[in-house]
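Open the model in your viewer and keep the sequence panel beside it. This tour tells you what to select at each stop and what you will find there.

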Amino acid sequence: MEHGPGVPLLIRIKSSTFWAIPPALAALWAPVGAVVYLSIEEALRTLFPGAGRFEERPARLSEGQALALEKSRRSRPRTTEVKRWRVWEGARPAGWVYWDQVTGKHEFITYAVGIGPDGAVRGVEILEYRESIGHEVRSPKWRSQFAGKTSRSPMKFDVDIRNISGATLSCRHVTDGVRRLLTTHDLLAEES
Amino acid sequence: MKRSTAAFLALALAVPAFAEDGARIQELERKLGALTEEVDKLKSGENAPYEPKFGLAPAAAKVYHLKEGVSLGGYGELVYQDFHARKDDGTGSGKRRQVDMSRFILYVGYRFSDKFVFNSEIEIEHAAEDKRGEVSVELVTLDYLHQPAFNLRGGLLLLPVGFINELHEPPIFHGALRPNVERNIIPSTWRENGVGVFGQAGPVAYRTYLVNGGQAVKDSVLGITGGDKVKGYSSSSGIRDGRQKGSSAFAEDLAWVARLDYTGLPGILVGGSFYAGDSGQNAVVSGRTLEAGTTLWEGHTEYKRRGLELRGLYARIGLGDASLINAAQGVTGGSSVGERMWGGYLQAAYNLFALCKTEQYLAPFLRYERYNTQAAVPAGFSSSGAYDRTEITHGLTYRPILNIVVKGEFQDLKNRAGSGVDQWNMALGYLF
């Protein structure tokens with residue numbers, strides 16, 4: 001829809017090409033200990049069990065939006081492309097799911113964030129984890145801390161987000177990622 | 001006819017060419033996609049957070065967050081001290097105001113591979129060696145990282161005791177000056193040569209090293225001429241001046257140090273450490289070989305949640321052969337070294353910006369310290385009272401960004417002899 005011909009391949013996602021990327025990367029760098037926990041379809045269902053339909057609604061941040069995102073500290077955007085799904089319960093919009101990746105220590109962590117119509121986090125799901133250590137970020141207890149967070153929440157370590165010792169980098173980067181997605185969500189909402 | 005044949009030929013040649021292009025473009029796109037991801041990773045690598053690791057402070061731990069290659073870090077602090085004109089007993093303090101580039105430090109690390117890591121800290125204290133400063137190497141380590149729970153380390157090591165000894169980068173502690181309990185009871189920065197094991201298993205972290213022992217008596221007692229570079233134990237600073245700092249350290253006596261920390265409860269750290277070893281280094285005093293057995297144990301806890309920061313620490317030292325040490329050091333009466341020493345502090349701080357989105361940090365803090373380096377002295381000597389100290393420090397810590405700090409504080413320094421001099425201090429510090 002929003003995609004012009006100039007959009008780089010990586011983000012011009014049809015689910016089919018999209019899911020070819022992780023295996024391709026895996027083949028390129030042969031990361032150790034890669035584990036796929038959830039497919040995106042499973043993550044969508046987990047985040048919004050009552051949903052009737054998930055509508056793929058990718059977006060692209062304008063230069064101004066990307067700049068605004070960079071200005072809001074610790075929120076450097078990885079790419080201007082945003083992978084997201086609109087959630088429908090019947091004819092009623094029930095929220096959004098964002099797909100994203102952050103670096104754990106050296107490898108990517110793939111995760112998805114569900115955001116309700118009120119702009120608050122519904123849940124965070126780890127889809128794929130490639131490091132040999134730090135798997136603790138998958139702990140439901142740790143992830144449950146994000147429930148209810150909005151772009152106005154501080155989301156700081158030892159303030160409203162707990163760290164897990166031994167998995168500090170993964171925790172910090174997922175936290176940074178969720179914060180960035182919430183700001184992204186706000187920026188895109190302003191636009192529409 | 002000719003024209004259509006040409007067109008046909010062109011088309012026939014072009015079709016496979018198009019197909020080939022398509023495949024090439026697909027391949028290029030795949031490579032581009034892969035490269036984009038790689039660049040992203042490098043970018044986020046640049047952005048690696050400043051996190052303590054294996055007992056090292058954020059800047060010191062940089063090399064552990066690398067995959068390979070060189071890391072450069074550092075910290076520094078400029079400290080201004082202004083003293084009260086009078087002691088608590090009303091006599092003149094005789095102290096001059098001072099401003100000191102008290103520390104300038106560079107960390108150089110090298111990660112050989114995922115298993116082998118070199119790290120070092122080069123320190124210039126008080127700016128100029130030909131004035132009042134000194135250059136020293138404070139940390140040199142070679143690590144073999146086997147697995148998170150079991151790793152080996154050798155070199156000039158920071159002893160894993162208390163908070164400040166390992167985590168002394170200015171932006172991460174409150175106060176322009178380090179807490180006095182962690183200077184005069186735990187002699188930060190306490191480093192000696194040795195080897196050891198360290199690791200982390202879930203919420204439990206440990207470090208245990210075998211190091212050279214201290215040096216309880218001054219150099220001249222050991223027959224070293226050229227001034228007492230190592231001064232040995234004292235009444236005022238306890239075991240502080242018995243540190244050998246890795247410099248041609250005597251290793252007749254060795255010491256063992258171990259630490260355990262538990263972080264399993266949200267926002268809470270609880271831990272303790274233990275140090276034991278003789279410090280005589282075969283000095284012979286009054287016809288006896290000096291043992292000077294030194295034991296230190298320490299417990300510490302920290303709580304951080306919603307901007308509130310609480311810290312508590314308690315340490316005790318037991319010392320053998322105290323009267324022999326006194327004889328060797330040539331001290332009498334109230335200048336005796338302590339047979340027992342103890343100290344502790346409680347500290348509270350609150351970050352006023354905690355619940356705001358800003359990364360700025362402004363925290364008033366209050367610290368109450370109590371310590372005595374002469375809690376017990378051997379028969380025939382007395383405690384002077386000047387080393388039984390109660391100190392209250394209150395101030396502000398401001399960080400415009402994570403890595404830069406401005407601190408100011410007032411210190412009410414009391415001792416039982418009434419010779420305490422109050423002071424106020426300011427500091428400017430950084431880490432990178």
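**Stop 1**

Start with helix α4 of chain A, residues 63-71. Colour A:Q65, A:A66 and A:L69, which are buried. Why do they sit on the same side of α4(A)? They cover an arc of only 100° around the axis, and that puts them on one side of α4(A). Now turn to the other side of α4(A) and pick A:E63, A:L67 and A:K71, which are exposed. Keep in mind that this is a predicted model.

**Stop 1: chain A as a whole**

Select chain A. It has 6 helices and 7 strands. Trace them from the N terminus, and the order is α-α-β-α-β-β-α-β-β-β-β-α-α. How much of chain A is buried? Of its 192 residues, 56% count as buried. Next, think about contacts in chain A with a separation of 6 or more: residues 24 or more positions apart account for 58% of them.

**Stop 2: a covered strand and its partners**

Select β7(A). It is mostly covered, with 8 of its 9 residues buried. Which strands pair with it? Begin with strand β1 of chain A, residues 35-36. It runs antiparallel to β7(A), and 2 bridges join the two. Click A:V35, whose bridge partner in β7(A) is A:Y129.

Then select strand β6 of chain A, residues 108-115. This strand is also antiparallel to β7(A), joined to it by 7 bridges. Find A:G114, which stands opposite A:G123 in β7(A). Follow the chain around the turn. β6(A) and β7(A) form a hairpin with 5 residues between them. In that turn, A:G119 has a positive phi of about 85°.

**Stop 3: salt bridges**

Side chains of opposite charge can pair when their charged atoms come close.

Show the side chains of A:R180 and A:D100. They meet in a salt bridge, 2.9 Å from N to O. A:R180 lies in helix α6 (residues 168-191) of chain A and A:D100 in strand β5 (residues 92-103), so the pair ties together parts that are 80 residues apart in sequence. Are these two buried or exposed? Both A:R180 and A:D100 are buried.

Next, show A:E125 and A:R143. They form a salt bridge, with the closest N and O atoms 3.4 Å apart. This pair links distant parts of the chain: A:E125 is in strand β7 and A:R143 in helix α5 (residues 140-143), 18 residues apart. A:E125 and A:R143 are both buried.

Move to chain B and show B:E77 and B:R103. Their side chains meet in a salt bridge of 2.7 Å, N to O. B:E77 lies in strand β1 (residues 69-83) of chain B and B:R103 in strand β2 (residues 98-111), so the pair ties together parts 26 residues apart in sequence. B:E77 is buried, at a relative accessible area of 2%. B:R103 also counts as buried, at 14% relative accessibility. Now select B:E166, B:R207, B:R259 and B:D261, which are joined into one network by salt bridges that share partners.

**Stop 4: a covered helix in chain B**

Select helix α3 of chain B, residues 322-329. It is mostly covered, with 6 of its 8 residues buried. Among the buried ones are B:L324 and B:I325. What do the buried residues of α3(B) pack against? They pack against β10 (284-285), β11 (288-289) and β13 (308-319) of chain B. Step just past α3(B) to B:G330, which takes a positive phi of about 75°.

**Stop 6**

In soluble globular proteins, nonpolar side chains tend to be buried together. Here the largest nonpolar core has 37 residues, and B:L290 and B:I325 have the most contacts inside it. Elements giving two or more residues to this core include β7 (204-212), β8 (254-262) and α3 of chain B. Zoom in on B:I325. Among the residues it touches are B:Y233, B:L290 and B:L319.

Finish with a second, separate core of 30 residues. Select A:V82, A:W96, A:Y111 and A:F146, which are included in it.

How values were computed
Residues are numbered from 1 along each chain as its sequence is written. Chains are lettered from A and ligands numbered from 1 in the order in which they are written. This is a predicted model: local features need pLDDT of at least 70, side-chain atom pairs count only at pLDDT 80 or more; totals for chains, interfaces and linings use all residues. Side-chain values use heavy atoms; hydrogens and water are left out. A salt bridge is a side-chain nitrogen of Lys or Arg within 4 Å of a carboxyl oxygen of Asp or Glu. Helices (H or I, at least four residues) and strands (E, at least two) are DSSP runs, numbered from the N terminus. Buried means under 20% relative accessible area, exposed over 50%, partly exposed in between (1.4 Å probe, protein chains only). Contact means heavy atoms within 4.5 Å. The arc is that of the directions from the helix axis to the C-beta atoms. Two strands pair if DSSP finds at least two bridges between them. A nonpolar core is a set of buried Ala, Val, Leu, Ile, Met, Phe, Trp, Tyr and Cys residues joined through side-chain atoms within 4.5 Å. Lists of a residue's contacts leave out its neighbours within four places in sequence.
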